[in-house]
Amino acid sequence: MNTFPTDRTLRIGTRSSPMALAQAHLVADLLRKEEPGLQVELVPVTTEADLWQGDLAKLGGKGLFVKQIDAMVQQGDVDMAVHCMKDVPGDVAVPEGLVFAAFLPRDDVRDVLLFPEGSALRTLDDLPAGAALATSAVRRKAQVARMRQDLEVVRVRGAVGTRIDKLDGRKPVDTVLDAMIVATSGLERLELTHRGRQVFTVDEMLPAVGAGVLGLECRDGDGPMTGLLARLNHGRTMAEVTAERAMLHGLQGHCNSPIAGYCVTGQDGRLSLRGMVFSEDGSAFVRAHVRGESSDPAALGARAAAELLGQGAREIIDGIPH
Ligand SMILES: NCc1[nH]cc(CCC(=O)O)c1CC(=O)O
């Protein structure tokens with residue numbers, strides 16, 4: 001078995017948000033368990049995208065959260081990065097010289113509805129007409145509109161904890177918020193699961209490509225590092241994420257295009273991939289459900305994309321301003 005040099009400190013580049021730090025700590029613990037005595041150091045960075053409170057599209061759009069950290073890995077400032085695969089753009093290749101050497105077993109992929117602290121409300125149906133529902137994800141907005149057309153969807157950005165502070169009125173907002181949707185796995189990583197009320201089924205709200213998956217990225221040519229990370233890889237999750245991301249790549253969306261994609265491995269070991277592309281308000285959408293062997297997840301993703309495009313996904317994507 002490949003061992004990591006004992007005289008080398010492993011540096012993990014991470015965003016400085018509480019969720020990102022929790023993820024980096026989790027990975028550091030897993031690495032130390034794998035390689036007892038390993039020296040691990042976290043290098044927190046506040047990215048430009050974290051500082052910017054406006055519309056992300058105006059700052060350069062997708063991938064901003066990961067770009068700065070990727071550059072640090074490329075330059076050798078750090079040895080590796082932990083990324084939420086949901087935040088890693090799927091329309092472009094992984095940056096030059098970098099590789100995802102491992103994916104951790106997938107966490108809960110479902111989205112969950114929260115209410116302000118102390119609220120007696122429990123479900124989306126409990127909200128009165130015109131209530132302000134916070135989310136900045138176009139995918140969530142489109143799918144919520146399919147369940148409730150009468151809500152006002154409000155964009156709220158920032159780290160998950162900050163968003164919840166806004167929901168509870170601890171941080172200022174332009175609009176008083178009546179409810180909010182976040183990722184279940186995000187709540188778990190912040191130890192805030194008790195705040196979740198209605199957990200949406202994947203049929204009600206199809207997850208984002210890569211939801212609930214942490215990817216461990218390092219330099220392609222760093223043998224000891226890729227060798228160590230490979231030992232943490234979860235093969236089934238890797239196949240599922242590869243299929244979803246191949247679908248996303250085939251669709252070539254933009255940062256305002258609501259796209260959902262979710263692949264699971266069946267009892268028989270075969271992959272089952274569902275994909276959907278929505279118009280902004282969810283009133284128009286296309287969907288595909290394809291199955292295939294886990295040995296070629298990228299082909300399955302390409303097939304899902306082709307099917308969605310055949311149903312008019314391009315027109316829906318191009319019809320949304322960006
Ligand atoms: N866009 C931010 C982001 N990126 C990943 C997660 C949650 C964890 C995950 O799905 O991997 C979140 C928070 C959220 O969407 O509520």
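**Briefing: sheet, domains and ligand shell**

Helix 5 (residues 160-167) lies across strand 5 (111-114), strand 6 and strand 8, and runs at about 165° to strand 8. The model is predicted. The chain is assigned three parts: domain 1 (1-105 + 212-233), domain 2 (111-199) and domain 3 (234-313).

- An open sheet of 5 strands has the order 7-6-8-5-9, with mixed pairing.
- Strand 7 (152-154) and strand 9 (196-199) are the edge strands, and each pairs on one side only.
- From one strand to the next, the twist averages 30°.
- Strand 6 (residues 132-134) and strand 8 run parallel and are joined by 2 bridges.
- Ala-134 stands opposite Met-180 of strand 8.

**Domains 1 and 2**
- The C-alpha centres of domain 1 and domain 2 are 28 Å apart.
- In the contact between them, 7 residues of domain 1 meet 8 residues of domain 2.
- The side of domain 1 that touches domain 2 has 3 nonpolar, 4 polar and no charged residues.

**Ligand shell**
- The residues surrounding the ligand are Cys-84, Lys-86, Asp-87, Val-160, Val-182, Ala-183, Ser-185, Gly-186, Ala-211 and Gly-212.
- By class, this shell has 5 nonpolar, 3 polar and 2 charged residues.
- Domain 1 and domain 2 each give at least three residues to the shell.
- Strand 8 (179-183) and helix 6 (184-189) each supply at least two residues of the shell.

Methods
Residues are numbered from 1 along each chain as its sequence is written. This is a predicted model: local features need pLDDT of at least 70, side-chain atom pairs count only at pLDDT 80 or more; totals for chains, interfaces and linings use all residues. A residue is near a molecule or strand if its C-beta atom, placed from the backbone, lies within 6 Å of it. Helices (H or I, at least four residues) and strands (E, at least two) are DSSP runs, numbered from the N terminus. Ala, Val, Leu, Ile, Met, Phe, Trp, Tyr, Cys and Pro count as nonpolar, Asp, Glu, Lys and Arg as charged, and the others, Gly among them, as polar. Domain bounds come from an automatic or database domain assignment. Two residues are in contact if their C-beta atoms, placed from the backbone, lie within 7 Å. Two strands pair if DSSP finds at least two bridges between them. Axes are lines fitted to C-alpha atoms, for helices over the stretch in contact, and angles run from 0 to 180 degrees between N-to-C directions.
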